[in-house]
Structures are given as C-alpha cells and as structure tokens.
Amino acid sequence: MWPICPQRSSWGRPIRALNRWVRHRAFEPVDSNEVVDEVIQNLQVTIKEHDATVTRGELPTVNADRTQLVQLVQNLIGNAIKFHGQEPPHVRVSAQEPDEE
C-alpha cells in the first residue's frame with residue numbers, strides 16, 4: 001500500500017532532496033528544436049490515436065532546464081491533442097522574434 005503522506009514514508013526524504021536539487025539546477029543552453037522533436041516522438045501513440053498532426057518551425061536555443069522544458073512542452077502538446085474539437089487536432093509549435101520598439 002502506498003502511504004498517503006510522503007513525508008512519513010521512506011520516499012519522503014529522497015523526494016524532497018530531488019525537489020531541492022531540481023530547483024537549484026543551473027539553466028544551460030537547450031535547443032528547442034531537439035526538445036520538440038523528442039516530445040513528438042514521446043507522443044507518437046497519442047498522435048496516432050487522435051489522428052493528430054504536430055509540426056514545428058525553426059525554434060531558438062534557450063537557457064533552461066532541459067528536463068523541465070521537455071515536461072512543459074509535452075504537457076502543452078498533449079493537452080492540445082487531448083482537448084480538441086470535432087476535427088483532428090493540428091498543433092504547430094513556432095517562435096517569432098519580438099518586435100523591437
């Protein structure tokens with residue numbers, strides 16, 4: 001049986017330590033193209049089940065925690081596929097330079 005309160009289980013301390021470690025990891029350059037390609041690969045079953053199309057434009061390299069960026073993009077694309085209307089979903093991931101004023 002899984003304990004309800006992780007702080008009182010043998011998992012509590014390692015989970016809290018991992019959480020502190022992840023929060024304090026330094027950001028590093030991450031190729032967003034690689035991240036989105038990985039996410040598309042991870043979601044292949046879902047994409048096929050929903051007859052979805054997922055494409056991307058050229059994306060920038062960003063300073064981020066790669067693991068967290070993969071999780072974020074996977075959640076966003078996964079939700080876009082899951083919560084669609086009558087038509088098969090089409091998800092396009094792109095980036096645009098902000099206008100300088």
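Trainee: How many helices and strands are there in the chain?
Mentor: The chain has 4 helices and 4 strands. Please keep in mind that this is a predicted model.

Trainee: In what order do the elements run from the N terminus on?
Mentor: Starting at the N terminus, the order is α-β-α-α-β-β-α-β.

Trainee: And what share of the residues is buried?
Mentor: Of the 101 residues in the chain, 26% are buried.

Trainee: What about contacts between residues at least 6 apart in sequence: what share of them joins residues at least 24 apart?
Mentor: The share is 80%.

Trainee: Let us turn to helix packing. How are two packed helices described?
Mentor: One gives the angle between their axes and the distance between the axes.

Trainee: What are those values for helix 2 and helix 4?
Mentor: Helix 2, residues 32-42, packs against helix 4, residues 66-82, at an angle of about 55°. Their axes are 9 Å apart. Helix 2 is therefore oblique to helix 4.

Trainee: Is the crossing left-handed or right-handed?
Mentor: Helix 2 passes helix 4 in a right-handed crossing.

Trainee: Which residues meet there?
Mentor: Helix 2 contributes E34, V35, V36, E38, V39 and N42. From helix 4 come R66, L69, V70, V73, Q74 and I77. The residues of this contact comprise 7 nonpolar, 2 polar and 3 charged ones.

Trainee: Staying with helix 2, is N33 buried or exposed?
Mentor: N33, which is found in helix 2, has a relative accessible area of 8%. Buried means under 20%, so N33 counts as buried.

Trainee: What does the side chain of N33 make a polar contact with?
Mentor: Its partner is the side chain of E58, at 3.2 Å. Leaving aside residues up to four places away in sequence, N33 touches R56, G57, E58 and L59.

Trainee: A change of topic: where is D65?
Mentor: D65 sits in the loop between strand 3, residues 61-64, and helix 4.

Trainee: Is D65 buried or exposed?
Mentor: D65 is buried, its relative accessible area being 4%.

Trainee: Which backbone nitrogen does the side chain of D65 reach at 3.0 Å?
Mentor: The side chain of D65 reaches the backbone nitrogen of T67 at that distance.

Trainee: Now D51, please. Where is it found?
Mentor: D51 belongs to the loop between helix 3, residues 44-49, and strand 2, residues 53-56.

Trainee: What is its phi?
Mentor: The phi of D51 is positive, about 50°, although D51 is not a glycine. As for accessibility, D51 has a relative accessible area of 55%. Exposed means over 50%, so D51 is exposed.

Trainee: Does E87 count as buried or exposed?
Mentor: E87 counts as exposed, at 61% relative accessibility.

Trainee: What distance separates the C-alpha atoms of E87 and H50?
Mentor: Those C-alpha atoms are separated by 9.7 Å, while E87 and H50 are 37 residues apart along the chain.

Definitions and conventions: Residues are numbered from 1 along each chain as its sequence is written. This is a predicted model: local features need pLDDT of at least 70, side-chain atom pairs count only at pLDDT 80 or more; totals for chains, interfaces and linings use all residues. Side-chain values use heavy atoms; hydrogens and water are left out. Axes are lines fitted to C-alpha atoms, for helices over the stretch in contact, and angles run from 0 to 180 degrees between N-to-C directions. Helices (H or I, at least four residues) and strands (E, at least two) are DSSP runs, numbered from the N terminus. Angles under 35 degrees count as roughly parallel, over 145 as roughly antiparallel, 65 to 115 as roughly perpendicular and the rest as oblique. A crossing is left-handed if the near helix is turned anticlockwise from the far one by less than a right angle, and right-handed if clockwise. Contact means heavy atoms within 4.5 Å. Ala, Val, Leu, Ile, Met, Phe, Trp, Tyr, Cys and Pro count as nonpolar, Asp, Glu, Lys and Arg as charged, and the others, Gly among them, as polar. Buried means under 20% relative accessible area, exposed over 50%, partly exposed in between (1.4 Å probe, protein chains only). A polar contact is a pair of N or O atoms within 3.5 Å; within protein, one must be able to donate a hydrogen and the other to accept it, and residues adjacent in sequence count only if both atoms are side-chain atoms.
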